[in-house]
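Please look over the sequence and the model below, first as a whole and then around a single residue.

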Amino acid sequence: MAAQRVVVDPKVMLGKAVIKGTRIPVDILLRKLAQNLSIEEILKDYPQLTKDDIKAAIEYAASSLQLENTYPLSEK
């Protein structure tokens, strides 16, 4: 679902991940959720979005973290 709703285009918002057809960055939606705003409150602020757009933003973030490699800074 995220691949259909989240796009990265260097011509839009300097290449940040945004909801397709908007200039609304994924990270803004994630921050609003982290601030305990409900999906309904976010949709009031961004009426052009749908619940599926917000879910896609979460899925995109989870997928991005899944691909992240971590390396220990030191061995103990």
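The protein chain holds four helices and two strands, where helices (H or I, at least four residues) and strands (E, at least two) are DSSP runs numbered from the N terminus. Read from the N terminus, these elements follow the order α-β-β-α-α-α. This is a predicted model, in which local features need pLDDT of at least 70 and side-chain atom pairs count only at pLDDT 80 or more, while totals for chains, interfaces and linings use all residues. Residues are numbered from 1 along each chain as its sequence is written, and side-chain values use heavy atoms, with hydrogens and water left out.

Along its principal axes, the C-alpha trace of the protein chain spans about 50 × 30 × 20 Å. Of the 76 residues, 26% count as buried, a term for under 20% relative accessible area (1.4 Å probe, protein chains only).

Asp53 belongs to helix H4, which covers residues 51-66. Asp53 counts as buried because its relative accessibility is 8%. Leaving aside residues up to four places away in sequence, Asp53 touches Arg5, Ile19 and Gln48, contact meaning heavy atoms within 4.5 Å. Two distances from the side chain of Asp53 are set out here.

| Side chain | Partner | Distance |
|---|---|---|
| Asp53 | side chain of Arg5 | 2.8 Å (polar contact) |

Terms used:
Buried < 20%, exposed > 50% of the residue type's maximum accessible area, 1.4 Å probe, protein only. Polar contact = N/O pair within 3.5 Å; in protein donor to acceptor, adjacent residues only side chain to side chain.
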